[in-house]
Amino acid sequence: MLKRLEEKDFLCLLERIAERWQLLVPQRMSDGSRLLLPWQGGLPVLAGPPLQRKPTEVFFPQLELLLELDDAGGVALPNPPEKPPALLGLDHLDLAGIAFLDRFFLSPPTDDAYLRRRRGALLVGVSGLAGAQGETLPPLEGECDLELILAPDGLLAHPHTARGTELLEGFAEAAPDKLAALDRNATELLPEILLKAARLLQEERVPEDFWEEIAARCIACGGCNFACPTCSCFGVQDRTFGKRTERSRLWDSCQLDAFMREASGHNPLGTETLRTRRRIYHKLVADPLRWGEPGCVACGRCDRACPTGIGMFALCEELVRTCDRHGS
């Protein structure tokens, strides 16, 4: 049932969430960007540019302790967090990224480390007039527990799960016509340019020299992978301190030379051309075959992160132009 939230109601809702979860909310930085940070009281910044960092890092952090070993053969797992996290202020692309990573890590065999962080987490999405320039963000279709909707005359809330309904108990109902002024039509997740590039890749119509030209511009910083909410590759390392060894995992990047290098020295992805082509094929060809959808949610973070202008959008635009020029 749709609810209307005055400012005091919204603060009450935040307090309710913070009682049971570690609440993270969007906060504006001095450079105008927004980050998900622990709630310290006050109102979060629901409208503005997309969150600077990918929300999936809450469940799959850049560096994560997996277990500790001792000389006697003992194994200790990290202590679970006191409270599960609550991520508030996620748009439809953020939620799509979390849903993709959930499918990857929680499909059998389940990734225990991811499950430890993901279990019990609360997702609060945002739609309505919350875009960077006040544009309308599309409605959320059950990907979250609770949807906050910025309407022209105030804040509305719509639950998608039993937990969301419970959190909204006692707040005033809102008439459905409060949504009439908003465009509540769902939108396609991927822009046409990415869909067209995916079709060209799937039909193997991209000339080889295209990848060589793109790879020549890659400086192998890994920024595209590290900014991507659906990238899931990681390496494992052991570090010994006296009689104790910590086993951790940390993000890896398929753009780096050592990504697939074998102990023998053989490297199946030994050139930047091969690595760049693999990255794009993985997202737009392999992932649809494995998961039924591309591994790109079109959030644009890789385009903003890439210092040489070959993020997913920019690369796909060049790919389509190249194929059109070659008549392929």
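In the predicted model, Arg301 is located in helix α9, which spans residues 301-305. The relative accessibility of Arg301 is 4%, so this residue counts as buried. Between Arg301 and Arg103, the sequence separation is 198 residues and the C-alpha to C-alpha distance is 21 Å.

Aromatic side chains form 11 pairs in the structure. One of these joins Phe60 and Trp251, whose ring centres are 6.2 Å apart; because the planes stand at 50 degrees, the pair is classed as tilted. The two residues come from distant parts of the chain, 191 residues apart: Phe60 belongs to the loop between β3 (34-38) and β4 (63-70), whereas Trp251 belongs to strand β11 (residues 244-251). Both Phe60 and Trp251 are buried, the relative accessible area of Trp251 being 10%.

Trp251 also pairs with Phe226, with ring centres 6.3 Å apart and planes at 25 degrees; this pair is therefore stacked. In contrast to the buried Trp251, Phe226 has a relative accessibility of 25% and counts as partly exposed.

Both pairs belong to a cluster connected through ring pairs, which comprises Phe59, Phe60, Phe100, Phe104, Phe105, Tyr114, Phe226, Phe234, Trp251 and Trp291. Arginine side chains are placed over two rings of this cluster. The charged end of Arg249 is positioned over the ring of Phe234, at 4.7 Å from the ring centre. Arg290 lies over the face of Trp291, and the corresponding distance to the ring centre is 3.9 Å.

Packing between helices was examined for α8 and α10. The axes of helix α8 (residues 272-291) and helix α10 (residues 312-326) come within 12 Å and cross at roughly 95 degrees. An angle of 65 to 115 degrees counts as roughly perpendicular, and α8 and α10 are therefore assigned to that class. On the α8 side, the contact is made by Thr276, Arg279, Ile280, Lys283 and Leu284, and on the α10 side by Met312, Leu315 and Cys316. The residues of this contact comprise 5 nonpolar, 1 polar and 2 charged.

Key:
Residues numbered from 1 in each chain as written. Predicted model: local features only at pLDDT ≥ 70, side-chain atom pairs only at ≥ 80, totals over all residues. Heavy atoms only, no water. Axes fitted to C-alpha atoms, helices over the stretch in contact; angles between N-to-C directions. Helix = DSSP H or I, 4+ residues; strand = E, 2+ residues; numbered from the N terminus. Parallel < 35°, antiparallel > 145°, perpendicular 65-115°, else oblique. Contact = heavy atoms within 4.5 Å. Nonpolar A, V, L, I, M, F, W, Y, C, P; charged D, E, K, R; others polar. Buried < 20%, exposed > 50% of the residue type's maximum accessible area, 1.4 Å probe, protein only. Phe/Tyr/Trp six-rings, centres within 6.5 Å; stacked < 30°, edge-to-face > 60°. Lys NZ or Arg CZ within 6 Å of the ring centre and 35° of its normal.
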